[in-house]
Amino acid sequence: KFKQKNKNLTMTGIAESNARVSDYMRKIDSSEWLKAPRLNVIKTTPSGRRRIANFTLRGKQKTRKQIAAEAEAVAVKGEVKK
């Protein structure tokens, strides 16, 4: 489930493990459009013969200015390395 209010995001879901939630957070953190993932709740519960992780994450959508600034920083780094 995904909700957005202004630039604030709430993602609620089910994962196979806590490690999968952690990986998802790293992907959000390196996203071109999203930033600042914060884990609000994670609860592991049994589901048949396995366990599942119910989670709620919060994050933010990057502004156009932030995206442009990051692109500029990457461009400048690329020029310096050449």
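Start at F55: leaving aside neighbours within four places in sequence, F55 is in contact (heavy atoms within 4.5 Å) with M11, T12, G13, I14, A15, V21, Y24, L39, V41 and I42. Bear in mind that this is a predicted model, where local features need pLDDT of at least 70, side-chain atom pairs count only at pLDDT 80 or more, and totals for chains, interfaces and linings use all residues. Residues are numbered from 1 along each chain as its sequence is written, and side-chain values use heavy atoms, with hydrogens and water left out.

F55 also belongs to the largest nonpolar core, together with L9, M11, A15, V21, M25, I28, A53 and L57, nine residues in total. A core here is a set of buried Ala, Val, Leu, Ile, Met, Phe, Trp, Tyr and Cys residues joined through side-chain atoms within 4.5 Å; buried means under 20% relative accessible area, exposed over 50%, and partly exposed in between, with a 1.4 Å probe and protein chains only. The elements giving two or more residues to this core are β2, α1 and β4. Helices (H or I, at least four residues) and strands (E, at least two) are DSSP runs, numbered from the N terminus.

Now for the sheet. Its four strands lie in the order β1-β2-β4-β3, open and with antiparallel pairing; two strands pair if DSSP finds at least two bridges between them. β1 (2-5) and β3 (34-47) are at the edges with a single partner strand each, so one side of each has no neighbour in the sheet. On average, neighbouring strands are turned by 15° against each other, direction ignored; axes are lines fitted to C-alpha atoms, for helices over the stretch in contact, and angles run from 0 to 180 degrees between N-to-C directions.

Follow the pairing along. β1 and β2 make a hairpin with two residues between them, and N6 in the turn has a positive phi of about 60°. Four bridges join β1 to β2 (residues 8-15), with F2 opposite M11. Eight bridges then join β2 to β4, where I14 stands opposite N54.

What about the helix? In α1, V21, M25 and I28 are buried. They cover an arc of only 60° around the axis (taken from the directions from the helix axis to the C-beta atoms), which puts them on the same side of α1. An α-helix has 3.6 residues a turn, so residues three or four places apart point the same way. The cover over the buried residues of α1 includes β2, β3 and β4, while A19, R20, R26 and K27 are exposed on the other side.
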